[in-house]
Amino acid sequence: MPMHAVIVLAGENPQMHPLNERTPAALIPVVGRPFVVHVVETLVERGFLHFDVLLCHRPERFEALLGNGARWGCSFRYHLVRDPVRPYRHLRTLRHDPDWGHSLLVHGDRLLLEDLGGSRPEAPEAGNILFCTETEGSTDAAGTAGWTGWAWATAAGLRGCPPDVDESGLAGFLSSGAQGACVRVPVEKPLSVQSFDDLLETDRRILDHPGEGRLLDGRETEPGIWMARHVRVHPLARLVPPVYIGENCRVGLGVRLGPHAVVGDGCVLDRRCTVQNALILPGSYVGEALELADVIVDRNRLVNVRFGVAVTVADDFILGSLGERRIEKRLMSFASRVAAALLLVVACPALLLTALVLKLRGRTPVLGRQEAVCLPAPEDPVLWRTFHRWSFNDDGCTAESAAGGHGSGVEGRQGPEDLFLRFLPALLNIARGEMRFVGVRPRTREEVASLPPDWRSLYLASKPGVVTEAFAVYGSHPSADQRYSAEAFYCVACGFVHDLRLLVRYLRRVLTGTRR
Amino acid sequence: MDVLVERKGTLAVVKLLGRALDAGNAPAFKERMGPVIEENSRVLVDVSSLEFMDSSGMGVMLSCLRKLTGKGGDMKLCGMTPPVRALFELVRMHRIIEVYNTREEAEAAFAA
């Protein structure tokens, strides 16, 4: 009988914050491979061929990683859910083949190593089976305490799931006996990436029991020392087993690595540093003579697991990122600055004339500046830097700077005065590299902080510009929805051609008043 | 933008017939949706023919959703092609508008 599993990968576990800002917990590498790959491969080994996957947080990354399942000889169907805390609504509408019998419900941030095939109910009318760890002093009347997030469930059971329940509500429903008697099966604590502690413990368990589940990749060069390809270890470095070192890593002179150290792909451990009971995530640099224990390092971010505290280290020589810097972006930035500088020289007389006219009209001060957050910026507001955006003071500028919140405010002025009052002064910011010709609207700290989380994370990854998609498409007064859709779209669609197109639309709008 | 409106009980299913929803036809689509939103509280938009959507198209979808939810209704999308789905995932629109792979799943969601 072909076997079917539903993998829930929707959550944004707050216990993994801020690590899961960059990478959802189930995508965090565990001994060289993303945790979810371990889950899928374990299930495939046990004979599961059909998967329905519920996604919410960063779905594109999961789909890019897992693909259509062809490499494992199985099939994946992906479902986008709206609420990461209550993602089970889609269970009610999944297509279920009668040949499948019971489906295995799996939460993708946990992995049970027991072979569950033997526990699969044979009869379709049999009830649900919940896999639970034994918890001491459990007082849960519904009998759901200690649920591992894995269960055999009937098709009818999944279809009858209440639409707006969280995980504990789902456990209560599955064990309620509405679809027949529910059985609790005791199992060992699963491997898990639900918290920092769990992540380190998962690594420890895999290193201590490498044969269990066959999750360890790489070559065992010495007992307890596992290495992937292209690892360079200085002859005077000391490796204390068990240790795992990922691909393309460099371990320097005098480094003491281990016990229970996992180093991800592409890391550099500089001279004389000490790393034990720690996880170094891919692309991280560990500085000279640093001593790390009971920590997780994600490039320039350090998580002390003992205290549950995460800090971002600003100094690259202590902890840093070894990610590639895209040369195209640097060239574009350079070209933009040069173009702005040249335009500034040419437009100088126009700028002076504009200032004179405003002065004669009684505007004081003539030049206005507004503090705006430098982009791209990290998620942590403490690390935001700001710059001063220049524009000529006029009614429009006043309205813009007084605009509160993300949905209100003016994008610009409709006519040619926008060129003189907003565009030309901003050439100074563009020449300094603080802004670009085309980008998202520069915002103050407060405005950025008030953005909804999804919008804010897209915004912080973008670049500020004079010409915005919202203005080019909708004009000077877009609604909140139009502003969000324009900015979100720009954040993912921006590029040289798209920027050029927007620039042309902007010039057409301000010079001729036409929308297209 | 040509659309086909079909009524299934209290649900209005709107099937888009064009290949792109962009600045060129988004205003017309919004106008076309006006009466549908006024007369129905549950709307399913079948976007299986769309190969491209830009910010204008997204803005119209959001605007339609807001009008429906404002009067206690709901709107869902179904049948996204890979390019449109990729866009929705990247801009996190699936966190705002419920999306289903097929029309059957979406209709079942309305019925459930």
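Let me begin with a sheet in chain A, where 5 strands form an open sheet in the order 14-17-20-23-28 with mixed pairing; strands here are DSSP runs of E with at least two residues, helices are runs of H or I with at least four, and both are numbered from the N terminus. Two strands count as paired if DSSP finds at least two bridges between them. Strand 14 (232–233) and strand 28 (319–321) of chain A stand at the edges, each with a single partner strand, so one side of each has no neighbour in the sheet.

Please keep in mind that this is a predicted model, in which local features need pLDDT of at least 70 and side-chain atom pairs count only at pLDDT 80 or more, whereas totals for chains, interfaces and linings use all residues. Residues are numbered from 1 along each chain as its sequence is written, while chains are lettered from A and ligands numbered from 1 in the order in which they are written.

Within the sheet, strand 17 (residues 250–251) and strand 20 (residues 268–269) of chain A pair in the parallel sense over 2 bridges, and A:Arg250 has A:Val268 of strand 20 as its bridge partner.

Turning to the domains, whose bounds come from an automatic or database domain assignment, chain A is divided into domain 1 (3–192), domain 2 (218–321) and domain 3 (327–512). The centres of domain 1 and domain 3 of chain A, taken over C-alpha atoms, are separated by 45 Å.

Finally, on confidence, the model scores ipTM 0.93 and pTM 0.88. For chain B, the mean pLDDT (the predictor's confidence in each residue, from 0 to 100) is 93, and 100% of its residues reach 70 or more.
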